[in-house]
Amino acid sequence: MEFRIADTFTDSLGRLTAQEQKAVKTTAFDLQMNPSAPGLSFHKLDRAKDTNFWSVRVNADIRLIVHRTASSLLLAYVDHHDVAYKWAERRKIERHPTTGAMQLVEVRERVEEIQIFNRVEAAAPIDAAPKPMLFDNLRKFELMSFGVPAEWVDDVRAATEDTLFDIIKHLPQEAQEALLKLAVGEKVEPPPAVSVDADPFAHPDAQRRFRILTNVEELQRALDYPWDKWAVFLHPAQRELVERDYSGPARVSGSAGTGKTIVALHRAVHLARKHDGARVLLTTFSETLARSLRAKLRQLTASEPALAGRLVTQSLGALARDLYATTFGPPKIASQEFVAQLLTQAAEAHGSKFSPQFLLGEWTDVVDAWGLATWDAYRDVSRLGRKTRIGGKQREALWAIFAEVRSALVTQEASTPSDIFGRLADHLAKSCERPFEFAVVDEAQDLGVAEARFFAALGGTRADALFFAGDLGQRIFQQPFSWKTLGIDVRGRSHSLRINYRTSHQIRSQADGLLPSSITDVDGAAESRRGTVSIFDGPPPVVRVFESIDAEIRAVGAWLSERLKEGRQPEEIAVFVRSEQQLKRAQAAVALAGAAAVELTDRIETSAGGIAIGVMHLAKGLEFRAVVVMACDDDALPLQERIETVADDADLEEVYNTERHLLYVACTRARDRLLVVGVAPGSEFLDDFKKEGR
């Protein structure tokens, strides 16, 4: 007998208490081991429209809803008795007559059963023109080709921009996505027809909501992490990118919340499964994100210890240190402060008129990044990303300073992080051995030049060797540069994700207003936000500017209290600020809400029972039900300290871009609710955030 689980089951399980979940899991394991065991109490649901729905008693009040046939058993839903029965009475599982995918369909019997609420708060004038219907130009068979159930076609054809989200939440996910794309003017191709004899559960759209579980370990994983549905259910577009064969380096992009990290995780596991004995690297730019990736990999490979042993997850910094120590011995790493001191000393010795800020920027973005060790190399290098023009005589004067710094580092036997990656890249280029056969890089938009050189040497043009996931709109650490020049050519192997599962339509669309609709990298590859849709609705973000810090703190404290009273757990909430100087404001607001604060660092992640607070750059890779972006003051965002260190007015563009990206990252950590606040006059970016993006 085939044993399946539905995503509606994992959703409903996550809403129960810990004790209730424990009892449900016990019953689920019993069902998988022996669905006909005498101790299991099945009850036929007489009022259900689907005659295959049964309830299974978990305890005095909890009921598990299963879909039972002669050859299969599907865990569909779980809740308290009356709620569970009501859910089952309004659902049926059937093969869609057009797409061939098995769907869980909400029964639509009478118009008055599902009330469609207009979200416009004020009553429209009586003589106001009715809103145009979005899909009335589409015929029934056209809508059904996108997965719309037959009984919902009339409601869909009558949908307006005010009622769309109220209607689509009752539809299967593939229908939701198609309608949202159509509503924003995207051209949507219906899926190819399948044979009438094909297994409806094997359809890609069915696999996103139903999964066969072949053993107890798979069921354990699915039930232990009900919030992490991605570990069990993968979107067809994501699965296609995960399992595709690539002839060279490949890249997947997409705006925040579209599942790039999910794809990276599954890609790493897929490569390890496909290539027996191969070592696969999964890496990202920070230790915090690396720990998160390790935890998720444990979920994906819990029942495959041999496979897990071939998957290595490290931050880029830890990776470089370990490989360098193995190859050359433990490195002595020069801090940025030490390098800045060397630059100052060398500049004074040569009577330089260049500012310390310019020297550090030129060293970091050009000399150190590109591993320049000779005058000829510095003379000829393209200073991409450095907008201040310098002539030949100036370059000679600058190189005298940088050569002295290079010499001092050699004398001290010290290396910068870029030096470490550069030496490793040179070693790999000469060696036939590779520490990893495959590498998957998450948050790849923040790769530096030296790191990219290392991966080019590691993977070269080998098929499937390199896989990158990232979003140019979230680049906050690195100057732009050409990947192609360094040997990483992803042209023809770049793909974008368009479906946002993490962030509500309202939050996503307003956050997109902070960025251009399309961002192009140095190699000419464009990443567009056009056509991205969120699959759920929510309250619009709230943006407020206060006259004083105290007023801001009181307002944020009250907002946090409201979220806690609504049932949000403290660990589902976060407060982000631009820099450490504003953390006290976040701490004070959390204290006013009567909650504990957990400060995020590179070493500390979120923890149960505390509201997370931290600076914006630590928000990368995290997600919360509710987020406050606090202290968006005029001198804090963009950060005044960064503006004051700019050596040339032309360099301001890069500062402003990355500051916008930081705000975008912080705002898009929110799933359902977002509050953005500051003290008057407020950040200039807030005006753009208030506008709905493309």
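**Notes on the sheet, cavities and a helix pair**

1. Ser 253 stands opposite Gly 470 in strand 13, where strands are DSSP runs of E of at least two residues and helices are runs of H or I of at least four, both numbered from the N terminus. The pairing involved is that of strand 9 (residues 250–253) with strand 13 (residues 466–470), which is parallel and extends over four bridges; two strands count as paired if DSSP finds at least two bridges between them.

2. This is a predicted model, in which local features need pLDDT of at least 70 and side-chain atom pairs count only at pLDDT 80 or more, while totals for chains, interfaces and linings use all residues. Residues are numbered from 1 along each chain as its sequence is written, and side-chain values use heavy atoms, with hydrogens and water left out.

3. Contact here means heavy atoms within 4.5 Å.

4. How many cavities of 30 Å³ or more does a search of the whole structure find? The search finds three, a cavity being a set of points on a 1 Å grid over the protein atoms alone where a 1.4 Å probe fits but cannot get out, with lining residues having an atom within 4 Å of a point. The largest has a volume of about 60 Å³, and Ser 253 is among its lining residues, together with Asp 471, Ser 496 and Arg 498. Volume is the space filled by probe spheres set on the points, which are joined across faces, edges and corners.

5. The axes of helix 16 (residues 356–368) and helix 18 (residues 392–411) come within 11 Å and cross at roughly 70°. That makes helix 16 roughly perpendicular to helix 18, a label given to angles of 65 to 115 degrees, with those under 35 roughly parallel, those over 145 roughly antiparallel and the rest oblique. Residues that meet include Trp 363 of helix 16 and Trp 399 of helix 18.

Technical notes: On a 1 Å grid over the protein atoms alone, a cavity is a set of points where a 1.4 Å probe fits but cannot get out, and a pocket is an open set with protein on both sides within 12 Å along at least five of seven lines; lining residues have an atom within 4 Å of a point. Axes are lines fitted to C-alpha atoms, for helices over the stretch in contact, and angles run from 0 to 180 degrees between N-to-C directions.
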